[in-house]
Amino acid sequence: MKLYNLLKNILFISNILLINICLADDYIIESYIQPENSIKIAKNFYTSKLDCNKILKNNNFIKNCQKNTILKISDNMLSDTWIKTQWALNAVKAYAGWQFTTGSKEIVVAVLDTGIDYNHEDLINNIFYNKNEIPNNNIDDDNNGYIDDVNGISIITNNNYDDNGHGTHIAGIIAAQHNNIGIAGIAPNIKILSIKFLDKNGYGTNINEILGYNYILSMKKRGVNIVAVNASYGGSYYSKATYNIIKKLNEEGIMVICAAGNEKNNNDKYKTYPASYDLDNIISVTSIREENNGYKFSNFSNYGITTVDIAAPGSSIFSTYPQNNYIFLSGTSMAAPHVTGAIGLYGSLYPIIPSYIKYRVKNTGTYYNFLVNKVASKSILNIEKFLTAEFEDNLLYKIKLKKLKRKLQVELLGIGNKDIEIYVKINRKKCKNTIKMIMLNGYAVKKFSIKHDYSNIILYNNNLISNKIAIKNKKPSKKIRRFCKAFL
Ligand SMILES: [Ca+2]
Ligand SMILES: [Ca+2]
Ligand SMILES: [Ca+2]
């Protein structure tokens, strides 16, 4: 194509609306010719296969040459094959959330489960890869105690391939790729670290669970940015050792998102672990189902207005299954990974401070009446608000008392720079104090201590209450009188 013909047939469109006559096969040409920086269309009818590189190289008055492309209305619909079966994506406001992030490849969530089919067509690009380990040489190259752990580990078998299907289903809910095939995950651009400790029948032991958490902890300490663990399993026995290691994860900024369980139990009375361990980084998730375009409580699901934190879709969830399959499964096992994925998204934008993340998940959900007697937050996960909500006033999300040798340590965690009013209650008497909170790195932290020679003390404000500390002495000291200037 001679340049003469090209220029003869390009149309000036910078000020008049001729855009609709530029077809997909046409070219867009930006030139330096007057009027300044004008955009022109080169019709494919004349140009056929225009060589943009050649045009640019040979004509210094042409600034840019590119093929026209097709755009479409933002209808929030992906073209993954089974997207229309994924009612959960609407329920948790995932589409709106994806306007802000679809995750980052630096962010990792661990799936502590039956393994994952790491070759699945809809997961293969999102499996965590340990670049410090050389595969299949039977050597522990990165010296972390595990030979050839390139994409996770199995505590119980030689290979963490999923011989059950449960873990693969969970992995898809969290991070199936947005790639026009299969399904769409909540956080399609994060990485998944698979730790297999449950056998092919879905059973595992306490010690293997702990070894799994220990691996996660060690990888975090080696710089892998693990923000959450999905724990869609449970048992009724309390384990001090499990509590201790999940507490260590808390200190490292790793959330543990737990299935509330499928026994129709009230978890406030009948505990299920790990969901019921009382730790800042544990979020216990119950399940909802869809019915007539509305939502209801899943009839199998455990509940608990103090120990279960949030609801998420868990009935008839369509997700990935080994050997490039996809199936429907139901359970709180399917509810938890929606929250895990949401934390993967959040972690791609902001730092993870566990007590605040738990507060934020609970206080940005969508309120539903049917959840009032079921979960603490009375809400379904709302990813859009979880990622974007700004709390207007100062907010405290944690008041903690700790008894030291002769002192009582008070720790306040919140957001905002304004003063916060704190009430102190000693036995049945109460007083009020105003505390100045100062924001640093997005969070307001205040630590101070008061002498503890008084009994049964709690601190609280409008929406929070601290743990209660009981001390034998009865009379409030001068120190506490000073702390509470208007002590009653
Ligand atoms: Ca290794
Ligand atoms: Ca190796
Ligand atoms: Ca997909």
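1. Which hairpin partner does β17 have, and through how many residues are the two joined? The partner is β18, and the hairpin runs through 3 residues. This is a predicted model. Strand β17 covers residues 395-403, and strand β18 covers residues 407-415. The two run antiparallel and are joined by 8 bridges. Strands of a sheet pair through backbone hydrogen bonds, either parallel or antiparallel.

2. Now the chain as a whole. Its secondary structure comes to 12 helices and 23 strands. The chain has 488 residues, and 43% of them are buried. Take the contacts with a separation of 6 or more: 71% of these are made by residues 24 or more positions apart.

3. Strand β19 spans residues 419-426 and pairs with β20 over 8 bridges, in the antiparallel sense. One place to look is K425, which stands opposite K430 in β20. In a regular strand the side chains alternate between the two faces of the sheet.

4. In soluble globular proteins, nonpolar side chains tend to be buried together.

5. Leave out residues up to four places away in sequence, and I257 still touches A228, V229, N230, A231, I283, V285, A336, V339, T340 and I343.

6. Helix α9 is mostly covered: 16 of its 16 residues are buried. From first C-alpha to last, α9 reaches 23 Å. That is close to the 22 Å expected at 1.5 Å a residue. Helix α10 covers residues 354-363 and has 7 of its 10 residues buried, so the rest of the structure largely encloses it. The buried ones are P354, Y356, I357, K358, Y359, R360 and V361. Note that K358 and R360 are in that buried list.

7. Several residues in loops are worth checking. The peptide bond from Y273 to P274 is cis, with omega near 15°. P274 is in the loop between β9 (255-259) and β10 (282-291). N136 is not a glycine, yet its phi is positive, about 55°. D148 is also a residue other than glycine, with a positive phi near 55°. N136 lies in the loop between β5 (108-113) and β6 (153-154). D148 has its place in the loop between β5 and β6 too.

8. Are N136 and D148 exposed, partly exposed or buried? N136 counts as exposed because it has 8 C-beta neighbours inside 10 Å, and the cut-off for exposed is 12 or fewer. D148 has 18 other C-beta atoms within 10 Å, so it is partly exposed.

9. I116 lies in the loop between β5 and β6. Is I116 buried or exposed? I116 counts as buried because it has 31 C-beta neighbours inside 10 Å; the cut-off for buried is 20 or more. Apart from residues up to four places away in sequence, I116 touches V111, L123, I127, D162, G167, T168, A171, I192 and S194. I116 and D163 are 47 residues apart in sequence, and their C-alpha atoms are 8.3 Å apart in space.

10. E106 counts as partly exposed, because it has 13 C-beta neighbours inside 10 Å. N189 is 83 residues away from E106 along the chain, yet the C-alpha atoms of the two are separated by 9.1 Å.

Key. Residues numbered from 1 in each chain as written. Chains lettered and ligands numbered in written order. Predicted model: local features only at pLDDT ≥ 70, side-chain atom pairs only at ≥ 80, totals over all residues. Helix = DSSP H or I, 4+ residues; strand = E, 2+ residues; numbered from the N terminus. Contact = placed C-beta atoms within 7 Å. Pairing = 2+ DSSP bridges. Expected span 1.5 Å × (residues − 1).
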